[in-house]
Amino acid sequence: MELDAEAFEQLVVDELDLLPDDMVDGLENVVFVVEDRPEDGSLDLLGLYEGTALTERDRYGFGEMPDRIVLYREPLLAVAETEEELRDEIHVTLVHEIAHFYGIDDDRLHDLGWA
């Protein structure tokens, strides 16, 4: 599937808007970023959480760099054949990476069906 960067970013915004309020209301000092590919150039990674999970913070305050949730456009496009599949993959990737912000690890996400 092909989609330019602007249209892809709009899909990400649309999917963020569809997430439950109780999931996104607690996201403090987090930015969402779209990049073409991970640094290694692979198509294996759909998204990434960069930061310190809430469960691991002892002090967090003014002046801290924001955590980042990155979605990788080309890998997500590679796993989807239709726009509906792409929206689903973006949604799952957002939930997965937001869960890492809240301190939920991959094993637990797998148990919950989000990995």
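Reader: Is alanine 53 buried or exposed?
Author: Buried means under 20% relative accessible area, exposed over 50%, partly exposed in between, with a 1.4 Å probe and protein chains only. Alanine 53 has a relative accessible area of 7%. Alanine 53 therefore counts as buried.

Reader: What kind of model is this, and which pLDDT do side-chain atom pairs need?
Author: Residues are numbered from 1 along each chain as its sequence is written, and side-chain values use heavy atoms, without hydrogens or water. The model is predicted: totals for chains, interfaces and linings use all residues, local features need pLDDT of at least 70, and side-chain atom pairs count only at pLDDT 80 or more.

Reader: Where is alanine 53, and which residues does it touch?
Author: Alanine 53 sits in the loop between β2 and β3. Helices (H or I, at least four residues) and strands (E, at least two) are DSSP runs, numbered from the N terminus. Contact means heavy atoms within 4.5 Å. Leaving out residues up to four places away in sequence, alanine 53 touches His100, Phe101 and Gly103.

Reader: How far apart in space are alanine 53 and aspartate 40?
Author: In sequence they are 13 residues apart. C-alpha to C-alpha, alanine 53 and aspartate 40 are separated by 24 Å.

Reader: What is the strand order of the sheet, and which strands are at its edges?
Author: Two strands pair if DSSP finds at least two bridges between them. The open sheet has 3 strands with mixed pairing, in the order β1-β3-β2. Two strands pair on one side only, which puts these at the edges: β1 (30–35) and β2 (47–50).

Reader: How many bridges join β2 to β3, and which residue stands opposite leucine 48?
Author: β2 and β3 (residues 67–72) run antiparallel, joined by 4 bridges.

Reader: With which side chain does aspartate 67 make a polar contact?
Author: Aspartate 67 lies in strand β3 and is buried, at 4% relative accessible area. A polar contact is a pair of N or O atoms within 3.5 Å; within protein, one must be able to donate a hydrogen and the other to accept it, and residues adjacent in sequence count only if both atoms are side-chain atoms. At 2.5 Å, the partner of the aspartate 67 side chain is that of tyrosine 49.

Reader: Which residues does glutamate 97 touch?
Author: Glutamate 97 belongs to helix α4 (residues 83–101). Its relative accessibility is 5%, so glutamate 97 counts as buried. Its C-alpha atom is 8.3 Å from that of valine 70. Beyond four places in sequence, glutamate 97 touches Gly47, Leu48, Tyr49 and Ile69.

Reader: Within what arc do the buried residues of α1 fall?
Author: In α1 (residues 5–18), the buried residues are Phe8, Leu11, Val12, Glu15 and Leu16. The arc is that of the directions from the helix axis to the C-beta atoms. These buried residues line one face of the helix, because they fall within an arc of 140 degrees.

Reader: Which residue caps the N-terminal end of α1?
Author: The cap is a side-chain oxygen, 3.1 Å from the backbone nitrogen of glutamate 6. That oxygen belongs to aspartate 4.

Reader: What is the phi of asparagine 29?
Author: Most residues other than glycine have a negative phi. Asparagine 29, in the loop between α2 (21–24) and β1, is partly exposed at 30% relative accessibility. Though not a glycine, asparagine 29 has a positive phi of about 60 degrees.

Terms used
The expected span of a helix is 1.5 Å times one less than its number of residues.
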